[in-house]
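Visitor: I am new to this structure and would like a close look at a single part of the picture. Please show me how side chains meet along the chain, and where they sit.

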Amino acid sequence: MDIKRVKDYIYWLYYQYLLITCSYVLEPWERSMFHTITVTVFAMVVYTAYVFVPIHVRLAFEFFSQIFGSQPESTVS
């Protein structure tokens, strides 16, 4: 793929983001604050999902395996 086309596509995606969030009407300092808050919230959501979702999936799997009669693995061989 041509570098210019990739660059134009990224600019187009960024423009779509500006239109969807209506941040194209903000002043530059307001847009900077908006982007900072948006990136911070997104990073916190990703971090929380990375840390807590696997724990909850494992606990749910253990809970439902006990309910449906699956025998727990013995620690003694």
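Guide: Let us begin with a word we will need: a helix here is a DSSP run of H or I, at least four residues long, and helices are numbered from the N terminus. Please keep in mind that this is a predicted model.

With that in hand, look at helix 2, which covers residues 28–67. The side chains of arginine 58 and glutamate 62 meet there in a salt bridge, 3.1 Å from N to O. These two residues are 4 apart in the helix, so about one helical turn separates them. Arginine 58 is partly exposed at 45% relative accessibility, and glutamate 62 is partly exposed too, at 35%.

A search of the whole structure finds 2 salt bridges. Another one joins aspartate 8 and lysine 4, at 3.4 Å from N to O. Both residues belong to helix 1 (residues 3–21), where being 4 residues apart means a separation of about one helical turn. Lysine 4 is exposed, with a relative accessible area of 54%, whereas aspartate 8 is partly exposed at 39%.

Now for the rings. A pair of aromatic rings is described by the distance of the centres and the angle of the planes. The count comes to 4 aromatic pairs. One of them is tyrosine 9 with tryptophan 12, a stacked pair with 5.9 Å from centre to centre and 25° between the planes. They are 3 residues apart in helix 1, so they too are separated by about one helical turn. Tyrosine 9 is partly exposed at 48%, as is tryptophan 12 at 46%. Tyrosine 14 and tyrosine 17 form a tilted pair, with 6.3 Å between centres and 35° between planes. Tyrosine 14 is partly exposed at 39%, and tyrosine 17 is partly exposed at 27%. Elsewhere, ring pairs link Phe63, Phe64 and Phe68 into a cluster.

Between helix 1 and helix 2 comes a loop, and cysteine 22 is found in it. Cysteine 22 has a positive phi of about 60° although it is not a glycine, and this residue is partly exposed at 44%.

Finally, an unreviewed UniProt entry places the feature "transmembrane region" at residues 9–26 and 32–53. In the model, residues 9–26 are 72% helix, with end C-alpha atoms 23 Å apart. Residues 32–53 are 100% helix, and their end C-alpha atoms lie 31 Å apart.

Methods:
Residues numbered from 1 in each chain as written. Predicted model: local features only at pLDDT ≥ 70, side-chain atom pairs only at ≥ 80, totals over all residues. Heavy atoms only, no water. Salt bridge = Lys/Arg side-chain N within 4 Å of Asp/Glu carboxyl O. Buried < 20%, exposed > 50% of the residue type's maximum accessible area, 1.4 Å probe, protein only. UniProt positions renumbered as here; feature names shortened; annotations may be inferred. Phe/Tyr/Trp six-rings, centres within 6.5 Å; stacked < 30°, edge-to-face > 60°.
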